[in-house]
Amino acid sequence: AVVSTQSTGIMGQNEIKFQGKTYDATNVEEKYLQKTAKVVGIIEKVHPRKAMGYGKVYNKNYALFSPLDNRVPRMLIPLNEFPKGFAERPNDFADNLMIGLVKRWELNGKFAMGSLLKSIGGDKDDLVVAATEGILTENDLDDSPFPDDIDAEIPDFEIKPEDVAKRQEFDFRKKCVFTIDPATARDLDDACSVEEVGDGIYEIGVHIADVSHFVYPGTTVDDIARER
């Protein structure tokens, strides 16, 4: 935010009254002055104003949405934005995770006013999936598929001798290294290693594939990754 400061007077006043007497507030020692300020512009909205939470019927027109993140205020959202049947059978949606968006908060309003972005479910069988989708949405994290034409930029995956030479210190090809992915995995990008170092002590290594090795600056993959 852009803040304009004011340092004259006390609390922005030209005069103050104390015990029946009036004092000139513009002629006060600097150490006694209370600086005041006002916001004159918003440069960047850091918080996306989105939150995951639960809704319940508040009155005939609105539902009260309670975010899980207590930094985000509760908000009133029109009932017609909720899934069909929510107003008539609210208990059926008691465990339904939803995403709300804070739109405005009136000066004297008890609750903020908001809008429902999506209902993401929350049955016991898919709670983890729903919660993951909620975290991605409320933090504006893009997990949409990459464009199809990006495959054309995938480089040759050949590991060249010079690549190995650069990492000679970390050459584990003769070590006991094994992946921890299931048999159905399509990408083996992490692994563990075990090595006895003496005196009954074993060193456990965790190995993560350096995918960035194959991402070249200025390519579509690099540009999209930077945006995300």
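This is a predicted model: local features need pLDDT of at least 70, side-chain atom pairs count only at pLDDT 80 or more; totals for chains, interfaces and linings use all residues.
## Salt bridges

The model holds nine salt bridges. One of them pairs Lys-50 with Asp-140, and the closest N and O atoms are 2.5 Å apart. Lys-50 belongs to strand E5, which spans residues 50–57. Asp-140 sits in the loop between helix H1 (127–138) and helix H2 (161–166). The pair therefore ties together parts that are 90 residues apart in sequence. Asp-140 is partly exposed, at 47% relative accessibility.

Another bridge links Arg-228 to Asp-142, with 3.5 Å between the closest N and O atoms. Arg-228 lies in the segment after helix H3 (220–227), and Asp-142 in the loop between H1 and H2, so this bridge joins parts 86 residues apart in sequence. Arg-228 is partly exposed, with a relative accessible area of 33%. Asp-142 is partly exposed too, at 43%.

Arg-71 and Asp-69 also form a salt bridge. Their closest N and O atoms are 2.8 Å apart. Arg-71 counts as exposed, with 67% relative accessibility. Asp-69 counts as partly exposed, because its 21% falls between the 20% and 50% limits.

## The E10-E11-E12 sheet

Three strands make an open sheet in the order E10-E11-E12. The pairing is antiparallel. Strand E10 (176–179) and strand E12 (201–208) stand at the edges. Each has a single partner strand, so one side of each has no neighbour in the sheet. Neighbouring strands are turned by 25° against each other on average, direction ignored.

Four bridges join E10 to E11, the strand of residues 190–198. These two strands run antiparallel. Phe-178 has Cys-192 as its bridge partner in E11.

## Ser-193 in strand E11

Ser-193 lies in strand E11. Its relative accessibility is 7%, so Ser-193 counts as buried. The side chains of Ser-193 and His-207 are joined by a polar contact of 2.7 Å.

What else does Ser-193 contact, leaving aside its neighbours within four places in sequence? The list is Cys-176, Val-177, Glu-203, Ile-204, Gly-205 and His-207.

## Nonpolar cores

The largest nonpolar core has 14 residues. Met-75, Ile-77, Phe-82, Phe-86 and Met-98 touch the most other members. A second, separate core has five residues. Among them are Met-52, Leu-97, Ile-99 and Ala-130.

Ile-77 has contacts beyond its neighbours within four places in sequence. They include Asn-61, Tyr-62, Ala-63 and Phe-65. Phe-82 is in contact with Ile-77 as well. Gly-100, Gly-114, Ser-115 and Leu-116 complete the list for Ile-77.

## Phe-111 in the E8–E9 loop

Phe-111 is placed in the loop between E8 and E9. Is Phe-111 buried or exposed? Phe-111 is buried, with a relative accessible area of 9%. Not counting residues up to four places away in sequence, Phe-111 touches Tyr-58, Leu-64, Arg-74, Met-75, Leu-76 and Trp-105. One of these, Met-75, is also a member of the largest nonpolar core.

Phe-111 and Gly-100 are eleven residues apart in sequence. Their C-alpha atoms are 13 Å apart in space.

## Positive phi in two aspartates

Asp-140, already seen in the bridge with Lys-50, has a positive phi of about 55° although it is not a glycine. Asp-140 lies in the loop between H1 and H2. At 47% relative accessibility, Asp-140 is partly exposed.

Asp-199 is another residue other than glycine with a positive phi, near 60°. Asp-199 lies in the loop between E11 and E12. Its relative accessible area is 80%, so Asp-199 counts as exposed.

Terms used. Residues are numbered from 1 along each chain as its sequence is written. Side-chain values use heavy atoms; hydrogens and water are left out. A salt bridge is a side-chain nitrogen of Lys or Arg within 4 Å of a carboxyl oxygen of Asp or Glu. Buried means under 20% relative accessible area, exposed over 50%, partly exposed in between (1.4 Å probe, protein chains only). Two strands pair if DSSP finds at least two bridges between them. Axes are lines fitted to C-alpha atoms, for helices over the stretch in contact, and angles run from 0 to 180 degrees between N-to-C directions. A polar contact is a pair of N or O atoms within 3.5 Å; within protein, one must be able to donate a hydrogen and the other to accept it, and residues adjacent in sequence count only if both atoms are side-chain atoms. Contact means heavy atoms within 4.5 Å. A nonpolar core is a set of buried Ala, Val, Leu, Ile, Met, Phe, Trp, Tyr and Cys residues joined through side-chain atoms within 4.5 Å.
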